[in-house]
Amino acid sequence: MMLSCTTVNLQRKVVPPIKSYVKVLHMVKISECVPENKSICPKGEFMSMGSGMVVNVIQDQTIVITAGHVCESKVDEEKISNHSQEVSVVDYQGTEHQAHVIKATQDNGLGDVDMCALWVPTLNQDGVDFSMFPPRPGQELYYLGSPAGVFHPPVMPILTGIYSGEIDASNAMVGVAAIGGSSGSVILDMNNKMVGVLWAAHNFHHITIMTNWRASALFMHEVIQMYTGKTDVNLPLIKN
């Protein structure tokens with residue numbers, strides 16, 4: 001009896017879009033408060049950070065997608081009379097770029113999502129496409145991010161998890177490890193297609209909330225509508 005065999009590499013591999021990843025920095029500068037609150041006024045500069053990724057949304061423009069709360073903070077204007085907010089991104093080489101908010105929304109569970117689109121004119125980098133198909137429960141997904149601020153250009157954490165399903169009109173659940181700093185990470189399928197944005201983590205760090213596929217697609221369509229005639233074609237047809 002003659003036996004013949006060949007080795008088969010059963011290890012599933014994905015080539016992550018490392019060059020498309022960015023760390024998002026958000027600075028709030030509070031310079032003046034109303035007179036009756038001066039004694040408790042938190043004057044100064046306050047920095048927060050999250051994650052994001054270049055996504056092919058507007059043709060010939062570099063658009064970074066992240067979470068809405070990563071690029072905009074709510075400020076109590078009844079107590080704070082003068083403040084400003086700035087956003088920048090750090091690319092995979094460690095270079096910082098000024099970013100400009102195109103559109104930012106907050107989650108309401110009814111279709112609005114915690115997402116933000118940033119225009120970064122000095123960042124010349126190809127992005128990922130949005131998936132034409134929603135993820136299915138049990139499907140493996142992953143993200144590139146900076147949990148707890150960890151990012152050593154050009155190396156960033158890459159974490160995988162299992163998609164659980166939709167929660168409501170805005171959100172879905174995925175069993176992937178996340179913590180502060182992960183917010184804004186684009187959730188990818190194993191074909192490197194965007195299916196949502198990570199924006200909230202549970203105390204049990206493997207229960208994570210992401211924007212669902214349909215609501216994310218609607219947000220992207222709204223961004224495109226702001227640039228009529230300069231649209232890409234990499235989005236599914238979604239009706240309100």
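1. In this note a residue is called buried when its relative accessible area is under 20%, exposed when that area is over 50%, and partly exposed in between, with a 1.4 Å probe and protein chains only. By that rule Phe 151 is buried, with a relative accessible area of 10%, and Tyr 21 is buried as well, with a value of 0%.

2. The structure is a predicted model, in which local features need pLDDT of at least 70 and side-chain atom pairs count only at pLDDT 80 or more, whereas totals for chains, interfaces and linings use all residues. Residues are numbered from 1 along each chain as its sequence is written, and side-chain values use heavy atoms, with hydrogens and water left out.

3. On the overall architecture, the protein has 2 helices and 13 strands, where helices (H or I, at least four residues) and strands (E, at least two) are DSSP runs numbered from the N terminus. Of its 240 residues, 47% count as buried. The accessible surface comes to about 12,700 Å², of which 53% belongs to carbon and sulfur atoms, as computed by the Shrake-Rupley method with a 1.4 Å probe. Among contacts (heavy atoms within 4.5 Å) with a separation of 6 or more, 67% are between residues 24 or more positions apart.

4. How many aromatic pairs does the structure hold? There are 2, counting rings of Phe, Tyr and Trp (its six-membered ring) whose centres lie within 6.5 Å, with planes under 30 degrees apart taken as stacked, over 60 as edge-to-face and the rest as tilted. One of them is the edge-to-face pair of Tyr 21 and Phe 151, with 5.3 Å from centre to centre and 80° between the planes. Tyr 21 belongs to strand β1 (residues 21-33) and Phe 151 to the loop between β8 (140-144) and β9 (158-166), so this pair ties together parts that are 130 residues apart in sequence.

5. The largest nonpolar core has 57 residues, and Ile 65, Leu 118 and Met 194 touch the most other members; such a core is a set of buried Ala, Val, Leu, Ile, Met, Phe, Trp, Tyr and Cys residues joined through side-chain atoms within 4.5 Å. Helix α2 (residues 213-225) gives the most to this core, with 7 residues. A second, separate core of 5 residues includes Val 28, Ile 30, Cys 41 and Ile 80. Beyond its neighbours within four places in sequence, Met 194 is in contact with residues including Val 55, Ile 65, Met 115, Phe 130 and Met 220.

6. A search of the whole structure finds 1 disulfide, defined as a pair of cysteine sulfur atoms within 2.5 Å. This disulfide joins Cys 71 to Cys 116, with 2.0 Å from S to S, and the link is right-handed, with 125° about the S-S bond. Cys 71 lies in helix α1 (residues 68-71) and Cys 116 in strand β6 (residues 115-119), so that the pair links distant parts of the chain, 45 residues apart. Both cysteines, Cys 71 and Cys 116, are buried.

7. Pro 236, in the segment after α2, counts as buried at 4%, and its C-alpha atom is separated by 9.1 Å from that of Arg 214, 22 residues apart along the chain.
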